[in-house]
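Morning, everyone. Please bring up the structure on your screens, and we'll walk through it together.

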Amino acid sequence: MSGPSAERSWQEANQRTLSAALSVVRAHLLVHARATGAEVPAGVDDLPAARAALAEAQAAMPAPSALDVLVAAFGLSPFERDILLCSAGLELGAGVGAACGAAQGEARRPWFTLGLALRALPDAHWSALTPVAPLRRWELVTLAPGDGLTSSPVRVDERVLHYLAGLSYLDRRLRDLVSPVAPALSLPPSHAALVERIRVACERSPQGGGVVQLSSTDPDCAQVVASAACSALGLRLHSLRASNLPLSVEDRATLGRVWEREAVLSGSGLLVECDEAAGAEGLRAAASFIERSLGLVFVTSAEPLRLRGRTVLHLEVGRPTRDEQGALWREALGPSAALVNGAVEGVVSQFDLSMRAIRAASAEVRGGTQASSSASLWAACRLQARPRLAELAQRLEPSAGWDALVLPESQKALLRQVAACVRQRVKVYETWGFAEQGARGLGISALFSGASGTGKTMAAEVLARELGLDLFRIDLSQVVSKYIGETEKNLRRVFEAAQEGGAILLFDEADALFGKRTEVKDSHDRYANIEVSYLLQQMEAYRGLAILTTNMKDALDTAFLRRLRFVVPFPFPDATQRAEIWRRMFPPSTPTEALEVTRLAKLSVTGGNIRTIALNAAFLAADAGEPVRMAHLQRAVRAEFSKLDKPLAEAEVAGWT
């Protein structure tokens with residue numbers, strides 16, 4: 001029998017067992033009262049009958065009672081168990097208060113003390129009263145202020161009292177710090193193998209627990225593995241952020257004891273999440289906390305966890321493999337999998353989503369229509385992959401198509417080759433076996449070089465629109481740091497966040513980081529070279545497309561250029577190309593009148609300047625209530641050349657009316 005009816009059956013049996021156990025300690029107190037000459041009603045101190053009733057109640061338990069579990073978990077002696085019962089009986093109104101008053105020879109003293117316990121309860125031992133013994137170490141009972149150790153009233157902790165009564169909840173001191181983690185629904189084989197390793201290691205541990213460090217670029221995957229491992233061991237899982245740990249040693253010790261007690265009472269393991277927000281101080285606090293914590297503790301951290309008193313099992317948790325992701329998609333999509341017309345294979349080849357993201361995207365697709373389900377699946381994947389990277393870079397909404405690019409055919413051919421590489425990388429690398437030759441160099445990287453306004457960013461937008469991918473521009477001024485190691489950390493965060501969706505990364509003005517590497521003369525030169533090498537490694541391992549733009553190709557190190565897959569030069573547009581740009585610049589809905597494209601094309605400016613001039617002229621015309629004419633363009637050209645601090649011959653704009 002299982003379910004609610006089984007729970008009710010256990011609750012009822014647990015109440016009978018607890019009541020019978022309270023009757024036994026009450027009988028002990030009354031036997032002591034009678035021995036000291038106190039008047040006790042006949043029959044109420046029938047100890048043999050109380051013990052028989054307890055044995056009968058225990059035999060009827062469908063599973064161990066809360067009292068038995070607690071006694072075994074904390075290693076309580078029979079004397080310590082009876083102290084706990086007496087203090088609980090005072091709160092439960094089981095006649096223990098009156099028995100205490102009778103045993104102390106004064107009805108006005110209906111409380112329980114350690115001195116009374118030593119006198120009235122069997123198998124008494126002084127060591128049960130020490131602060132390091134289980135009762136006080138785990139705060140199962142507390143001493144109220146009194147005259148001394150043996151005369152102070154003993155109170156049961158509220159959390160323990162409810163537990164004995166069969167009610168479980170999270171200790172109030174932990175509610176704002178730890179959160180329950182939902183059990184894992186299903187696991188891919190690669191993660192199931194990790195769970196089995198953890199289960200075996202924990203079962204072999206003398207304490208039945210241990211410390212497991214889960215290193216992963218995906219916190220969701222690490223959390224799922226930890227949750228599944230706890231389930232395999234019959235435990236729940238709670239998570240705690242290292243950044244929320246108290247920095248005071250004393251406060252951490254108190255929190256540790258509270259958690260250890262809670263882990264026993266609720267049958268839980270703990271996941272300590274050491275993200276970047278915790279910092280080095282948080283990681284040290286986490287190590288100190290974990291070292292003093294008993295039971296099963298998981299920790300997620302990019303840095304190796306080193307403990308003096310506990311051994312650590314280090315495991316790498318990768319994302320599910322492509323085949324596993326395909327199975328997860330089909331399971332999560334359910335009947336909708338038949339409606340996406342083979343799109344699952346496409347999203348698996350492009351996106352590297354966590355199990356949680358796959359389920360969320362599938363839930364969104366299941367609400368779509370058959371006609372749009374394939375497109376909806378791709379769009380849902382983009383949305384799931386977007387949030388992490390959106391915190392680190394600026395997302396550009398691509399609107400330009402191939403027709404918007406005015407470039408020589410050789411450059412367009414190179415760009416189409418870049419797109420083909422991104423589209424077919426899974427077939428070439430995995431199906432055709434190129435990845436088996438080594439992972440180095442499998443990343444798709446490109447350098448777009450040319451003067452500002454020649455179309456480098458627009459070309460990146462065209463590629464993003466063609467491939468149906470997000471485009472993120474990374475501000476290198478925010479990435480590069482003067483502090484040693486910080487630039488690498490910032491770059492790692494960008495690439496790790498981008499892996500989920502294989503987004504196109506656009507590093508604008510790459511010269512800020514990738515200038516010529518010089519001879520190492522001091523530590524600054526050495527670390528600058530390390531930063532460049534680290535970026536190259538990340539680009540070569542990145543599963544998507546990384547684009548660097550520069551205005552000064554000649555300033556880049558030739559060794560750096562050799563490691564790029566594509567180098568696409570964006571030349572300054574000639575008169576023919578400028579004329580074509582001018583023809584495409586004004587939208588069809590823009591009113592124009594007598595525009596002379598041939599004269600406009602004689603201006604030596606880039607496409608970016610042309611757009612600015614056209615836009616400013618449109619505003620001038622709109623404000624005047626007129627169509628865009630050459631006169632408006634003349635004023636806009638003068639303003640643009642003045643802004644660029646570039647000379648403008650009067651003959652170039654003469655007669656623009």
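This is a predicted model: local features need pLDDT of at least 70, side-chain atom pairs count only at pLDDT 80 or more; totals for chains, interfaces and linings use all residues.

Let's start with one residue and its contacts. Leaving aside residues up to four places away in sequence, S452 touches N551 and T606. With N551 there is something specific to look at. The side chains of S452 and N551 are joined by a polar contact of 3.4 Å.

Where does S452 sit in the chain? Look at the loop between β10, residues 444-450, and α18, residues 456-467. S452 is in that loop.

Is S452 buried, exposed or partly exposed? Its relative accessible area is 46%. Buried means under 20% and exposed means over 50%, so S452, at 46%, counts as partly exposed.

Pick the C-alpha atoms of S452 and Q417. Along the chain, these two residues are 35 residues apart.

A quick reminder on how sheets hold together. Strands pair through backbone hydrogen bonds, either parallel or antiparallel.

Zoom in on β4, residues 210-215. Strand β4 runs parallel to β8, and five bridges join the two. For a landmark, find V212: it stands opposite L313 in β8.

Last stop: two backbone angles. Neither residue here is a glycine. A594 has a phi near 55 degrees, a positive value in a residue other than glycine. You'll find A594 in the loop between α23, residues 575-585, and α24, residues 597-601. A594 has a relative accessible area of 59%, so it is exposed.

Then there is D645. Its phi is positive too, about 55 degrees, although D645 is not a glycine. D645 lies in the loop between α26, residues 630-643, and α27, residues 650-653. With a relative accessible area of 72%, D645 is exposed.

That's the tour. Questions, please.

Key: Residues are numbered from 1 along each chain as its sequence is written. Side-chain values use heavy atoms; hydrogens and water are left out. Helices (H or I, at least four residues) and strands (E, at least two) are DSSP runs, numbered from the N terminus. Buried means under 20% relative accessible area, exposed over 50%, partly exposed in between (1.4 Å probe, protein chains only). Contact means heavy atoms within 4.5 Å. A polar contact is a pair of N or O atoms within 3.5 Å; within protein, one must be able to donate a hydrogen and the other to accept it, and residues adjacent in sequence count only if both atoms are side-chain atoms. Two strands pair if DSSP finds at least two bridges between them.
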